[in-house]
Amino acid sequence: MSQAETALWSGNFTSDENNWRNYWDEPSAVDFFIVQELTGNPDGFTSIYLYKERGIDKFFFGPVWDFDKAYNNDNRRANLFNDLMVHRGFFTMDGSKPWNEPEVNWHGRMWEDPRFRRAVRDRWNNKKNELRLAASRILNDEPQRMEHSISANFTRWDVSEQALYDAMPAPATYEQGITTLKNYINVRFSYLDGLFNSEQ
């Protein structure tokens with residue numbers, strides 16, 4: 001990890017001899033980046049799982065998790081529709097390191113590499129239609145499939161007025177929550193599509 005971070009935060013982190021890709025798996029970093037940005041997850045770039053594959057001396061990103069504040073559900077930051085989450089994070093738990101310091105924001109550093117930005121653009125363009133169709137299918141079909149469970153859940157636990165720490169106010173109804181999610185995803189898709197395809 002020390003070697004990987006030293007390479008990533010070095011002055012010549014994109015050079016052939018000291019390239020950060022010698023220690024970090026770029027395809028998994030790209031996928032991780034897209035997932036966190038599409039969902040608008042402000043905790044996504046500090047709440048991270050990594051793994052290694054036997055015989056490969058690189059860190060791989062995943063699995064993804066910790067989406068309780070995603071989809072504009074964070075009252076600590078206003079309007080998370082049109083900004084990159086990699087630029088909108090927080091200090092470390094003890095407040096000692098800002099978001100853009102080593103050991104805090106690996107993806108922020110990767111985003112400074114034009115080659116990484118092109119890889120994000122290419123992967124996004126390859127997957128965006130599939131992602132959009134999947135989001136639409138889930139938000140349209142799953143509420144119908146789960147109709148009885150949703151009704152029973154709200155009968156037993158009426159969480160519509162529940163205030164959660166750091167979260168936005170809960171929607172008044174399940175249907176309103178789905179509408180809010182659909183709106184967020186539509187706006188977010190348009191924003192990211194324009195941003196990623198403006199990168200050279």
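Let's start at methionine 110: setting aside neighbours within four places in sequence, this residue is in contact (heavy atoms within 4.5 Å) with Leu8, Trp20, Trp24, Ala29, Phe61 and Phe116. The model is a predicted one, where local features need pLDDT of at least 70, side-chain atom pairs count only at pLDDT 80 or more, and totals for chains, interfaces and linings use all residues. Residues are numbered from 1 along each chain as its sequence is written, and side-chain values use heavy atoms, with hydrogens and water left out.

**The core**

Met110 also belongs to the largest nonpolar core, which has 34 residues. Such a core is a set of buried Ala, Val, Leu, Ile, Met, Phe, Trp, Tyr and Cys residues joined through side-chain atoms within 4.5 Å, where buried means under 20% relative accessible area with a 1.4 Å probe, protein chains only. Trp24, Phe33, Met110, Phe116, Val120 and Phe196 have the most contacts inside this core. Two or more residues each come from α1 (2-8), α2, α3 (106-111), α4 and α6 (174-196), and α6 gives the most, with seven residues. Helices here are DSSP runs (H or I, at least four residues) and strands are E runs of at least two, numbered from the N terminus.

Two packed helices are described by the angle between their axes and the distance between the axes. The axes are lines fitted to C-alpha atoms over the stretch in contact, with angles from 0 to 180 degrees between N-to-C directions.

| Helix pair | Angle | Axis distance |
|---|---|---|
| α2 (26-38) and α4 (114-145) | about 60 degrees | 9 Å |
| α2 and α6 | roughly 135 degrees | within 10 Å |

On the α2 side, the contact with α4 includes Ala29, Val30, Phe33 and Ile34, and on the α4 side it includes Phe116, Ala119, Val120 and Trp124. α2 is oblique to α6 as well. There, Phe33, Glu37 and Leu38 of α2 meet Tyr184, Arg188, Phe189, Leu192 and Phe196 of α6.

**A glycine in a loop**

Where is glycine 44 found? Glycine 44 lies in the loop between α2 and β1 (50-51). This glycine counts as buried because its relative accessibility is 0%. Leaving aside neighbours within four places in sequence, glycine 44 is in contact with Phe32 and Gln36. Its C-alpha atom is 9.3 Å from that of lysine 69, 25 residues apart along the chain.

Definitions and conventions:
Buried < 20%, exposed > 50% of the residue type's maximum accessible area, 1.4 Å probe, protein only. Parallel < 35°, antiparallel > 145°, perpendicular 65-115°, else oblique.
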